[in-house]
Amino acid sequence: MSKQPPGPSLIHVPNLFSIVEPGVYRCASPTAAQVPFLSSLNLKTIVSLTPEHPIKPLLTFMRTCGIDFIHLGLTLWRPPGTEWKPVRDEVIKVTLEKYILDTRAHPILLIDPIGVHQTGCVVGALRVMQGWNFASTLVEYRAHAGSKHRYADEQYIELFDPDLVNLPPPQYRPSWWIPSSTLDDESSDEEGKVESQTVNREVNGMVPGQEGVKPDIPDEVVVQ
């Protein structure tokens, strides 16, 4: 009896894997069975946001593929209870400045042990910088966190100050990056154009919406 050739191996996607923006991914720390999936992303950088050391299969994969491993959670970590913030500002600042908003590090993958807390705070801070309202940011955070959501994470995102982050040079910013201030400026410009057009039309003796309407003429003209 002839043996059937082995079928293709199953692809195991890391827990909570998702695309944050083009070239930016997030997930829980991958297991050995999930590491092969990462080869499909053509990663240049993996950023670990917690002090836990990566598993050996992941280290081997990164060395083989020449992927930069940035262990921010190890170098910028602080024991729990030393402050109310679930993640240090330095971790958020460096991750956004040097990796998420700098295409020289792309494609990039953000990881933490369960893909919820530190990663959720970083992505939430990015959404604040992009001008998302808090309700939309919270929906995205809880879609990943589920029952593991934390009030401290949500409070950190709500109170995050975008001025903490210094943007990289314009030529290295991703094409999807449109800061909220730019959107506000564009809106103001459009409003200014409308106001200018309205003034010009009124100066020419026309009122917007009343073109072609004859002016009111009194029935009687009294001459003194």
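# Helices, sheet and backbone of a predicted model

Q: Are helix 4 and helix 5 roughly parallel or roughly antiparallel to each other?
A: In this predicted model, helix 4 covers residues 117-129 and helix 5 covers residues 134-145, and the two pack at an angle of about 155 degrees with their axes 10 Å apart. Angles over 145 degrees count as roughly antiparallel. Helix 4 and helix 5 are therefore roughly antiparallel.

Q: How do the residues of the contact of helix 4 with helix 5 divide into nonpolar, polar and charged?
A: On the side of helix 4, the contact is formed by His117, Gly120, Val123, Gly124 and Arg127, and these meet Thr137, Glu140 and Tyr141 in helix 5. Sorted by class, the residues of this contact divide into two nonpolar, four polar and two charged.

Q: Which residues of helix 6 make the contact with helix 5?
A: Helix 5 and helix 6, the latter made of residues 151-159, pack at an angle of about 145 degrees, with their axes 11 Å apart, and helix 5 passes helix 6 in a right-handed crossing. The contact has four nonpolar, one polar and four charged residues. Helix 5 contributes Phe134, Thr137, Leu138, Tyr141 and Arg142, while the residues from helix 6 are Asp153, Glu154, Ile157 and Glu158.

Q: Which residue is the bridge partner of glutamate 21 in strand 2?
A: Strands of a sheet pair through backbone hydrogen bonds, and this pairing is either parallel or antiparallel. Strand 1 and strand 2 run antiparallel and are joined by three bridges. For glutamate 21, the bridge partner in strand 2 is valine 24.

Q: Is the peptide bond from histidine 106 to proline 107 cis or trans?
A: Most peptide bonds are trans. Proline 107 lies in the loop between helix 3, residues 89-100, and strand 5, residues 108-112. Here omega is near -5 degrees, and the peptide bond from histidine 106 to proline 107 is cis.

Q: Does leucine 16 count as buried, partly exposed or exposed?
A: Leucine 16 lies in the segment before strand 1, which covers residues 18-21, and its phi is near 60 degrees, a positive value in a residue other than glycine. Buried residues are under 20% relative accessible area and exposed ones over 50%, with partly exposed in between. Because the relative accessibility of leucine 16 is 31%, this residue counts as partly exposed.

Q: What is the phi of asparagine 42 near?
A: Most residues other than glycine have a negative phi. Asparagine 42 is found in the loop between strand 2, residues 24-28, and strand 3, residues 45-48, and because its relative accessibility is 59%, asparagine 42 counts as exposed. Its phi is positive, in a residue other than glycine, and is near 55 degrees.

Q: How many of the residues of the protein chain, in percent, count as buried?
A: The protein chain has seven helices and five strands, and from the N terminus on these elements run β-β-β-α-β-α-α-β-α-α-α-α. Among contacts between residues at least 6 apart in sequence, 65% join residues at least 24 apart. Of the 224 residues of the protein chain, the share that counts as buried is 38%.

Notes
Residues numbered from 1 in each chain as written. Predicted model: local features only at pLDDT ≥ 70, side-chain atom pairs only at ≥ 80, totals over all residues. Heavy atoms only, no water. Axes fitted to C-alpha atoms, helices over the stretch in contact; angles between N-to-C directions. Helix = DSSP H or I, 4+ residues; strand = E, 2+ residues; numbered from the N terminus. Parallel < 35°, antiparallel > 145°, perpendicular 65-115°, else oblique. Contact = heavy atoms within 4.5 Å. Nonpolar A, V, L, I, M, F, W, Y, C, P; charged D, E, K, R; others polar. Buried < 20%, exposed > 50% of the residue type's maximum accessible area, 1.4 Å probe, protein only. Pairing = 2+ DSSP bridges. Left-handed = near helix turned anticlockwise from the far one by under 90°.
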